[in-house]
Amino acid sequence: QVQLVESGGGLVQAGGSLRLSCAASGRTFSNYAMGWFRQAPGKEREFVAARWSGGSTYYADSVKGRFTISTDTAKNTVYLQMNSLKPEDTAVYLCAANPLGSYYSTNYNYWGQGTQVTVSS
């Protein structure tokens, strides 16, 4: 079992920055792929960024160049640094973990509760 707890969401003006954190406990953190997804009201959950267990990182085209995923193995924490935020980035952001990396939310076994990010124009 892996338990995930997100934090760091909030309200920010367009152009601003936020850093989300996802603290993991349970199984060995470094053996898992960690992903960030988001879900806006009335929309499907979408891939944002992921870090495979081997260290490779992947981003959705909509956030590439603005968001950065990173991990602190000692703290069992994965971060999502979000810069140049836009109103369309408004959503609940969820952290997920899985032994194998994937762009698809259905392939992730473990999920946090989510943290709200609201970007005002």
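View 1. R38 counts as buried, at 6% relative accessibility. Here buried means under 20% relative accessible area, exposed means over 50%, and partly exposed lies in between (1.4 Å probe, protein chains only). This is a predicted model: local features need pLDDT of at least 70, side-chain atom pairs count only at pLDDT 80 or more, and totals for chains, interfaces and linings use all residues. Residues are numbered from 1 along each chain as its sequence is written, and side-chain values use heavy atoms, with hydrogens and water left out. The R38 side chain meets that of E46 in a salt bridge, 2.5 Å from N to O. A salt bridge is a side-chain nitrogen of Lys or Arg within 4 Å of a carboxyl oxygen of Asp or Glu. E46 counts as partly exposed, at 36% relative accessibility.

**View 2. The salt bridge of D89 and R66.** The side chains of D89 and R66 meet at 2.8 Å, N to O. D89 lies in the loop between β8 (77-82) and β9 (91-98), and R66 in the loop between β6 (57-59) and β7, so the pair ties together parts that are 23 residues apart in sequence. Both ends are covered. D89 counts as buried at 1% relative accessibility, and R66 counts as buried at 10%. Salt bridges that share partners join R38, E46, R66 and D89 into one network. Strands here are DSSP runs of E with at least two residues, and helices are runs of H or I with at least four; both are numbered from the N terminus.

**View 3. A salt bridge with an exposed aspartate.** The structure holds four salt bridges. One of them joins D61 and K64, with the closest N and O atoms 3.2 Å apart. D61 counts as exposed, at 65% relative accessibility.

View 4. On a 1 Å grid over the protein atoms alone, a cavity is a set of points where a 1.4 Å probe fits but cannot get out, whereas a pocket is an open set with protein on both sides within 12 Å along at least five of seven lines. Lining residues have an atom within 4 Å of a point. Among them are R38, E46, R66 and D89. The lining also includes A40, K43, E44, S62, K86, E88, T90 and A91. By class, the lining has eight charged, two polar and two nonpolar residues. Asp, Glu, Lys and Arg count as charged; Ala, Val, Leu, Ile, Met, Phe, Trp, Tyr, Cys and Pro count as nonpolar; the others, Gly among them, count as polar.

**View 5. An open sheet of four strands.** The strand order is β1-β3-β8-β7, with antiparallel pairing. β1 (2-7) and β7 (67-72) stand at the edges, each with a single partner strand, so one side of each is left without a neighbour in the sheet. Neighbouring strands are turned by 20° against each other on average, direction ignored. The axes are lines fitted to C-alpha atoms, for helices over the stretch in contact, and angles run from 0 to 180 degrees between N-to-C directions. Strands of a sheet pair through backbone hydrogen bonds, either parallel or antiparallel. Two strands count as paired if DSSP finds at least two bridges between them.

**View 6. Bridge partners across the sheet.** β1 pairs with β3 (residues 18-26) over six bridges. S7 has S21 of β3 as its bridge partner. β3 and β8 also pair over six bridges. There, the partner of C22 is V78 in β8. β8 is mostly covered, with five of its six residues buried.

**View 7. The hairpin of β7 and β8.** The two strands pair in the antiparallel sense over six bridges. I69 stands opposite L80 in β8. Four residues lie between the strands of this hairpin. In the turn, N76 has a positive phi of about 50°. N76 is a residue other than glycine. N76 is partly exposed, with a relative accessible area of 23%.

View 8. S84 sits in the loop between β8 and β9. Its phi is near 50°, a positive value in a residue other than glycine. S84 is partly exposed, with a relative accessible area of 41%. S56 sits in the loop between β5 (46-51) and β6. S56 counts as partly exposed at 36% relative accessibility. The C-alpha atoms of S56 and G101 are separated by 9.6 Å, while the two residues are 45 residues apart along the chain.
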